[in-house]
Amino acid sequence: ILTVMGCASGQGGDDMVAQPSDSTSVGESKLYEVTVTQVLMDYTGGVVPIPVIILTNKENDKQVLPIWVGMSEGMSISKVLNKRASKRPGTHALFARVLGEFHMKLVRVVITDVRENTYIATMTMDSHGSTKEIDARPSDAIAIALRCVAPVFVSERVIRKGGWMDAPQKSDKPAEKQEKKKTGKADGML
C-alpha cells in the first residue's frame, strides 16, 4: 500500500480527509467552507450511473451542494472518503506527492463560479512564499485537496446562481428500503 506523503507538510495520504478551517472571503465575495461528505451514484440519467460529490456547508449541515463528476474522479474521491489505499498511486495521489517532493503546499480549493452548467474552481498553491492560483476542474481539485488535507470552499457567486439544496434525509422505513431494492434506483456510494 502506497501512502502519499506530500503537499509540503508530509501529512497527506490516500486516507486523509480535509480538516476544519475558518471561512474566509475572496475580494468581496464570501466563501463557505464545505466538507466532502460522500459520493453517490445518480441513476436517473440513463443506463450509465454518474457520480455525484456531496459538499456539505460547514456552517449549516442541512445545506448541500451536489456536483456531478466523471467516474474516475468520483472513484478517486470515494477512495479517500472510504479510507481505501491503492497499491500504486493514481493521478491525484501522484500530483499530491509531487507537490510534497517540491515543497509546495495546496493552501485551499475554491469553487468559484458556474458557467454554462460547468463548475469552475481554483487551487491556491504556495511555493517557497510565492502564492499562485491555478484553474482546475472541481473534481480534480477536490480529489487533491482531500489528499493534501486542504480546505475546500464554495463562493457566494456559486450559491447565488444555484443555491444550497436540502441535505438528503436517510430513511429507516422498511417499505422504502424494499422499494429501492425492487427498482434498483437507490443512490449508493461508490
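**Rings, a patch and a histidine**

Tutor: In this predicted model, the charged end of R108 lies over the ring of F153, 6.0 Å from the ring centre.

Student: How many aromatic pairs are there?

Tutor: The count comes to one aromatic pair.

Student: Why is the pair of Y32 and W164 called edge-to-face?

Tutor: The ring centres of Y32 and W164 are 5.7 Å apart, and the limit for a pair is 6.5 Å. Their planes stand at 90 degrees; an angle over 60 counts as edge-to-face, so that is the name the pair gets.

Student: What parts does the pair of Y32 and W164 tie together?

Tutor: Y32 belongs to strand β2 (residues 29–42), while W164 is in the loop between α4 (156–162) and β9 (165–166). The pair therefore ties together parts that are 132 residues apart in sequence.

Student: How do you know whether W164 is buried or exposed?

Tutor: Buried means under 20% relative accessible area. W164 has 19%, so W164 counts as buried. Y32, at 14%, also counts as buried.

Student: Which residues make the nonpolar surface patch?

Tutor: L94, V98 and F102 make a patch of about 290 Å². F102 is in the loop between α2 (91–101) and β5 (104–115).

Student: Why is F102 called exposed?

Tutor: The cut-off for exposed is over 50%. F102 has 55% relative accessibility, so F102 counts as exposed.

Student: What makes H92 buried, and what does its side chain contact?

Tutor: H92, in helix α2, has a relative accessible area of 9%, so H92 is buried. Its side chain makes a polar contact with the side chain of S76 at 2.8 Å, where the limit is 3.5 Å.

How values were computed: Residues are numbered from 1 along each chain as its sequence is written. This is a predicted model: local features need pLDDT of at least 70, side-chain atom pairs count only at pLDDT 80 or more; totals for chains, interfaces and linings use all residues. Side-chain values use heavy atoms; hydrogens and water are left out. Rings of Phe, Tyr and Trp (its six-membered ring) pair if their centres lie within 6.5 Å; planes under 30 degrees apart count as stacked, over 60 as edge-to-face and the rest as tilted. Helices (H or I, at least four residues) and strands (E, at least two) are DSSP runs, numbered from the N terminus. Buried means under 20% relative accessible area, exposed over 50%, partly exposed in between (1.4 Å probe, protein chains only). A charge sits over a ring if NZ of Lys or CZ of Arg is within 6 Å of the ring centre and within 35 degrees of the ring normal. Patches are made of residues with over 30% relative accessible area and no salt bridge: like charges are joined within 9 Å, nonpolar side chains (Val, Leu, Ile, Met, Phe, Trp, Tyr) within 5 Å. Accessible areas come from the Shrake-Rupley method with a 1.4 Å probe; for residues, only the protein chains shown count as cover. A salt bridge is a side-chain nitrogen of Lys or Arg within 4 Å of a carboxyl oxygen of Asp or Glu. A polar contact is a pair of N or O atoms within 3.5 Å; within protein, one must be able to donate a hydrogen and the other to accept it, and residues adjacent in sequence count only if both atoms are side-chain atoms.
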